[in-house]
Amino acid sequence: MIGRLHSIETFGAVDGPGIRTVFFMQGCPARCLYCHNPDSWAADGGRDITIEEILHWADRGRPYYGDKGGVTFSGGEPLLQGEFLAAAIRALSEIGIDSAIDASGTYTDEFTEEAIRACKLVLLDIKHPLADRFEIITGRPQEELFKLIDIINRNGKHVWIRNVVVPDINDTEEDIAELNRFIRQIRYIDKVELLGYHTMAVNKYGKLGITYRLKGVPPMDGEKLNHLKQLVEIPETDAVSQVEL
């Protein structure tokens, strides 16, 4: 079975617990305003990768994983390659390596449940709890996010919530209150991360000839971001939960 790969990051420390090998899969149906990997959008971009190569790279990092680390499949949108993803995660599990899926919440298909069932953790980017804002940010209907949450809950998967905070888009106390209400529908939340918007991808858009739609929007103010983090309320579950500060 062949997948499409954008890139590999070894010793990743921000895409799930512990030290991880991160496979950024190629292809994404969303066109998020603040996407920092627009070169991952095209499904026919990147390069081929086999499950054997994934096992090779993952096994190389095994000495550094400890009890918490493992593999994360990110993107792009990894669930766009759900059949390959499920097979790769099962193969990793057979050699004792746990996997996380970093999902955009913008895509599901007939292979999504199989992939979610196979993984240990889901990193879920909410984008925005309100349907109209979600569609403005992603270019995709919010219904796919609800479908994915249903699959996650049905399979009892633990979740890290990730939410990029952008000035004048979702950076108010009211926005965080809406986020708090929204995430109550997710069964097991281990962590909530508010990530500050940055402008490091602007030059990449220029090189690719793509219009950067947030031109002129400044990076998220760190002090304001820390204030908003204090307002996050994680629903009570049987999981050990924390807000990422």
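Biologist: Where does Lys-127 lie?

Modeller: Lys-127 sits in the loop between strand 6 (121-125) and helix 5 (131-138). Helices (H or I, at least four residues) and strands (E, at least two) are DSSP runs, numbered from the N terminus. The model is predicted, so local features need pLDDT of at least 70, side-chain atom pairs count only at pLDDT 80 or more, and totals for chains, interfaces and linings use all residues. Residues are numbered from 1 along each chain as its sequence is written, and side-chain values use heavy atoms, with hydrogens and water left out.

Biologist: What is the phi of Lys-127?

Modeller: Phi of Lys-127 is positive, about 70°, although Lys-127 is not a glycine. Phe-11 is another non-glycine residue with a positive phi, near 60°. Phe-11 belongs to strand 1 (residues 2-12).

Biologist: Which residues does a cis peptide bond join?

Modeller: Gly-75 and Gly-76, with omega about 10°. Look for Gly-76 in the loop between strand 4 (70-74) and helix 3.

Biologist: How many cavities of 30 Å³ or more does the structure hold?

Modeller: One. On a 1 Å grid over the protein atoms alone, a cavity is a set of points where a 1.4 Å probe fits but cannot get out. Grid points are joined across faces, edges and corners, and a volume is the space filled by probe spheres set on the points. The largest cavity holds about 60 Å³.

Biologist: Which residues line the largest cavity?

Modeller: Lining residues have an atom within 4 Å of a point. Lys-127 is back again, among them with His-128, Pro-129, Asn-163 and Asp-175. Strand 7 (158-165) and helix 7 (173-183) each give at least two lining residues. Helix 7 gives the most, three. By class, five are nonpolar, three polar and two charged. Ala, Val, Leu, Ile, Met, Phe, Trp, Tyr, Cys and Pro count as nonpolar, Asp, Glu, Lys and Arg as charged, and the others, Gly among them, as polar.

Biologist: What volume has the largest pocket?

Modeller: About 910 Å³. Of its 38 lining residues, the closest to the centre are His-36, Asp-102, Arg-162, Val-164 and Leu-195. A pocket is an open set with protein on both sides within 12 Å along at least five of seven lines. Strand 8 (188-196) joins strand 5 (99-103) and strand 7 in supplying at least two lining residues each. The largest share, five residues, comes from strand 8. The lining has 16 nonpolar, 11 polar and 11 charged residues.

Biologist: At what angle do helix 1 and helix 3 cross?

Modeller: Axes are lines fitted to C-alpha atoms, for helices over the stretch in contact, and angles run from 0 to 180 degrees between N-to-C directions. Helix 1 (residues 51-60) and helix 3 (residues 82-94) have axes that come within 10 Å and cross at roughly 45°. The two helices are therefore oblique to each other. Angles under 35 degrees are roughly parallel, over 145 roughly antiparallel, 65 to 115 roughly perpendicular, and the rest oblique.

Biologist: Which residues make the contact?

Modeller: Contact means heavy atoms within 4.5 Å. Helix 1 uses Ile-51, Ile-54, Leu-55 and Ala-58, while helix 3 uses Phe-84, Ala-87, Ala-88, Ala-91 and Leu-92. Nine are nonpolar, with no polar and no charged residues.
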